[in-house]
Amino acid sequence: KIPDVGISSLREKGFELDISPKDRPLTKRKLVKALRKKPYDGVLCLLTDTIDGEVFDAVPSAKIFANYAVGTNNINLEEAKKRGITITNTPGALTEAVAEHTLALMFAVVKRVVEGDIFLRKGKYKGWGPELLLGEELQGKTLGILGAGRIGGRVAEVASKGLEMPVIYYDIKKSEEFEKATGATFRATPEEVLKEADVVSIHVPLLPTTMHLINAERLRLMKKTAYLINTSRGPVIDEKALVEALRTGAIRGAGLDVFEFEPKLAKGLAKLQNVVMTPHTASATKSARDGMAKLAAENLIAFFEGRVPPNAVS
């Protein structure tokens, strides 16, 4: 189930909807089985749904798949293009939510917030001490951004203006808009960002070129005092390599909202004290999730009214 604002707007336009009664992500097998039941005209899918040739074959009548997500790594875009199927996404609606969550993870790991909470709950707090759970100050530290899109730009803007953090960034091309908003300076390679930054925040889409963008070799380039934050997609990081880097002190800490083997964690990750984790909830605000539902519905409505969907990606 998605928020009712999307459901109601579709029904108001006269759409006949079949919604999974299970209110949870479906397995590939169950999704295919469900789609074979009727000649559906369109499908509103989730980021947890793998949409490929098998799914398209299950419902050949559907000419649009509206993804309830910004990323489209769960969809075979080439296969969709071959079949003349329109794919849409929901950009913009979750920018502020994810940016704020990114900053929350950054503060939490650098200030050792979760460690302090656990420390208290376990009854270990015996009184104030000058060196108890020492963290860091972010002001003046260099923020490295990998991916200068909407979310990366908002994180950099808040950090630069609110915390006076110098910003460096890498993307496939320079962005004058990004630089103007944040005062950031461009770096030609991810390696340069990783070497210089005190905090690295990842905001790239999951593509074949970004799979394991952060691997063992690149983790070794980071400062031992550096922190890594990821609210993009889990497989952008080689999670096993990250566990080793955190365990051995190759980097100081990490804040993660997404995971390579989601919902499972790489072996040993949950035992580490120097990582703060949330269960893929960076966009989990009412405003963001309502906005995503509204956009997904608007894409479907536009398509069936003969207009180009506002967020067509394929």
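# Reading a predicted fold, feature by feature

Visitor: Where does K224 lie?

Guide: K224 lies in a loop, between α10 (216-219) and β8 (227-230).

Visitor: Is K224 buried or exposed?

Guide: Look at relative accessibility. Over 50% counts as exposed. K224 has 64%, so K224 is exposed.

Visitor: How far apart are the C-alpha atoms of K224 and D198?

Guide: Their separation is 9.1 Å, while the two residues stand 26 places apart along the chain.

Visitor: Which way do the residues of strand β9 (residues 253-256) point?

Guide: Sort them by side. G253 and G255 point one way, A254 and L256 the other. All of them are buried.

Visitor: How many bridges hold the pairing of β1 and β2?

Guide: Five, in the parallel sense.

Visitor: Let me follow N67. Is N67 buried or exposed?

Guide: Under 20% counts as buried. N67 has 1% relative accessibility, so N67 is buried. Its place is strand β2 (residues 64-68).

Visitor: What does the side chain of N67 make a polar contact with?

Guide: The partner is the side chain of N74, at 3.1 Å. Beyond residues up to four places away in sequence, N67 touches C45, L46, L47, T72, N74, I75, T88, N89 and T90.

Visitor: How do I check the length of a helix? What span does α12 reach?

Guide: Compare the end-to-end distance with 1.5 Å a residue. For α12, with 19 residues, the distance from first C-alpha to last is 27 Å, close to the 27 Å expected.

Visitor: Which residues of α12 are buried?

Guide: Start from the helix itself. An α-helix has 3.6 residues a turn, so residues three or four places apart point the same way. In α12 the buried residues include A288, M292, L295, N299 and A302. The elements that cover the buried residues include α1, β1, β2, β3 and α5.

Visitor: What comes just after α12?

Guide: Look at the backbone there: G306 takes a positive phi, about 85°.

Visitor: Let me try α7 (residues 150-162). What span should its 13 residues have?

Guide: At 1.5 Å a residue, they should span 18 Å; the end C-alpha atoms are 18 Å apart, so the two agree. Its buried residues are I151, G152, G153, V155, A156, A159 and S160. They pack against α5 (95-110), β4 (143-146), β5 (167-170), α8 (176-182) and β7 (199-202). After α7 comes E164, with a positive phi near 55°.

Visitor: Now the rings. How many aromatic pairs does a search of the whole structure find?

Guide: Five. Read two values for each pair: the distance between centres and the angle between planes. F15 and F304 are 5.7 Å apart centre to centre, with 70° between the planes, an edge-to-face pair. They link distant parts of the chain, 289 residues apart. F15 is in the loop between α1 (4-12) and α2 (28-35), and F304 is in helix α12.

Visitor: Why is the pair of F56 and F65 edge-to-face?

Guide: Over 60 degrees between planes counts as edge-to-face. The planes of F56 and F65 are at 80°, with centres 5.1 Å apart, so this pair is edge-to-face. Both residues are buried.

Visitor: Which residues do ring pairs link into a cluster?

Guide: F15, F303 and F304.

Definitions and conventions: Residues numbered from 1 in each chain as written. Heavy atoms only, no water. Helix = DSSP H or I, 4+ residues; strand = E, 2+ residues; numbered from the N terminus. Buried < 20%, exposed > 50% of the residue type's maximum accessible area, 1.4 Å probe, protein only. Polar contact = N/O pair within 3.5 Å; in protein donor to acceptor, adjacent residues only side chain to side chain. Contact = heavy atoms within 4.5 Å. Expected span 1.5 Å × (residues − 1). Pairing = 2+ DSSP bridges. Phe/Tyr/Trp six-rings, centres within 6.5 Å; stacked < 30°, edge-to-face > 60°.
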